[in-house]
Amino acid sequence: MIEIYIGSKTNSLIKMVYRIKVIIIGEAGVGKTSLVKKFVSGHFTEDYRASIGTNMFIKKLELNSDKKVSIQIWDIAGQEKWIKMRHLYYRGTHGALIVGDLARRNTFEQIVQFWSPDMKKYCAEVPIILLANKSDLNSDISENDVEIVGKRINARLIFHTSAKNGENVEKSFEMIAKYALKIVE
Ligand SMILES: Nc1nc2c(ncn2[C@@H]2O[C@H](COP(=O)(O)OP(=O)(O)OP(=O)(O)O)[C@@H](O)[C@H]2O)c(=O)[nH]1
Ligand SMILES: [Mg+2]
């Protein structure tokens with residue numbers, strides 16, 4: 001079986017591998033790197049090391065048993081000092097995971113005020129999933145307010161996730177891959 005990357009057409013003799021790019025954004029410390037690590041390697045660490053610039057991870061997925069996808073995840077640093085470079089990494093994305101920290105209400109306010117508009121400035125309209133992360137901790141924001149944020153940013157779905165115990169981590173990446181695939185197909 002030959003695997004051909006970049007697939008916009010299907011071919012019955014060869015198995016296409018669709019290559020998709022997804023960004024993960026949100027305030028510093030909300031758990032973006034932790035979610036990606038959990039998804040890619042299954043590990044979680046308690047210590048916080050702020051990301052520098054951006055990191056890219058690749059994982060192969062099989063969606064609906066017949067479609068292979070190579071998902072390129074761009075984990076973009078949330079700290080203020082990276083603000084000028086950030087938009088460079090948004091380019092060409094097929095989907096976005098926007099992350100808030102349930103233990104810090106203001107991280108959701110920042111999604112509405114900064115992250116969603118910032119992304120829309122530099123990306124074509126792409127599917128968005130809102131992740132309310134750290135569901136293993138006490139929440140500082142009501143379920144209803146998370147939903148309001150989801151509606152304001154036009155999120156297709158909202159997942160409560162925990163990079164610590166793994167809740168909804170795989171599901172989140174699989175769903176954004178499915179939405180992104182519809183764009184490249
Ligand atoms: N309890 C709990 N802690 C988490 C969870 N996800 C991340 N953390 C912790 O939160 C801190 C920040 O996590 P990171 O993944 O580094 O955050 P980030 O969003 O990548 O931050 P930047 O790289 O600065 O933008 C770390 O101490 C993690 O261990 C979670 O689901 N539950
Ligand atoms: Mg990080």
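Author: Helices (H or I, at least four residues) and strands (E, at least two) are DSSP runs, numbered from the N terminus. By that rule, K32 lies in helix α1. This is a predicted model, in which local features need pLDDT of at least 70 and side-chain atom pairs count only at pLDDT 80 or more, while totals for chains, interfaces and linings use all residues. Residues are numbered from 1 along each chain as its sequence is written, and chains are lettered from A and ligands numbered from 1 in the order in which they are written.

Reader: Is K32 buried or exposed?

Author: K32 counts as buried because it has 27 C-beta neighbours inside 10 Å. The scale, with C-beta atoms placed from the backbone, is as follows: buried means 20 or more other C-beta atoms within 10 Å of a residue's own, exposed means 12 or fewer, and partly exposed lies in between.

Reader: And what is K32 in contact with, beyond its sequence neighbours?

Author: Leaving aside neighbours within four places in sequence, K32 is in contact with I24, G26, D75, G78 and V99. Contact here requires C-beta atoms, placed from the backbone, within 7 Å of each other. The C-alpha atoms of K32 and S51, 19 residues apart in sequence, are 9.3 Å apart in space.

Reader: Turning to ligand 1, which residues are closest?

Author: The closest are G31, T33, S34, S51 and G78, among 23 residues that surround ligand 1. A residue is counted there if its C-beta atom, placed from the backbone, lies within 6 Å of the molecule.

Reader: Which helix gives the most to that shell, and what is its make-up by class?

Author: Helix α1, residues 32–41, gives the most, with three residues. By class, the shell has seven nonpolar, ten polar and six charged residues. Ala, Val, Leu, Ile, Met, Phe, Trp, Tyr, Cys and Pro count as nonpolar, Asp, Glu, Lys and Arg as charged, and the others, Gly among them, as polar.

Reader: What about V30: where is it found?

Author: V30 is found in the loop between β2 and α1. V30 counts as buried because 28 C-beta neighbours lie inside 10 Å. Not counting residues up to four places away in sequence, V30 touches G78, V99, G100, D101, T107 and N133.

Reader: How many bridges join β5 to β6?

Author: Six bridges join them, and the two strands run parallel. Strands pair if DSSP finds at least two bridges between them. The bridge partner of A96 in β6 is I128. Together with helix α3 (residues 106–122), β5 and β6 make a right-handed β-α-β unit. Right-handed means that, with the strands pointing away from the viewer, the path from the first strand over the helix to the second runs clockwise.

Reader: And which way do β6 and β7 run, parallel or antiparallel?

Author: Strand β6 (residues 128–133) and strand β7 (residues 157–161) run parallel, with five bridges between them. The chain crosses from β6 through helix α4 (residues 143–152) to β7 in a right-handed β-α-β crossover. A132 stands opposite H160 in β7.

Reader: A change of topic. Which residues have the most contacts inside the largest nonpolar core?

Author: They are V22, I23, I24, A96, L97 and I98, in a core of 45 residues. Such a core is a set of buried Ala, Val, Leu, Ile, Met, Phe, Trp, Tyr and Cys residues joined through C-beta atoms within 7 Å. Elements giving two or more residues to this core include β2 (15–25), α1, β4 (67–76) and β5. Leaving aside neighbours within four places in sequence, I23 is in contact with W74, I76, Y89, Y90, T93 and A96.

Reader: Finally, the backbone. What is the phi of N154?

Author: Phi of N154 is near 65°, a positive value in a residue other than glycine. Most residues other than glycine have a negative phi. N154 lies in the loop between α4 and β7, and N154 counts as exposed because it has 12 C-beta neighbours inside 10 Å. Phi of N168 is near 60°; N168 is placed in the loop between β7 and α5 (169–184). With 19 C-beta neighbours inside 10 Å, N168 counts as partly exposed.

Notes
Two residues are in contact if their C-beta atoms, placed from the backbone, lie within 7 Å.
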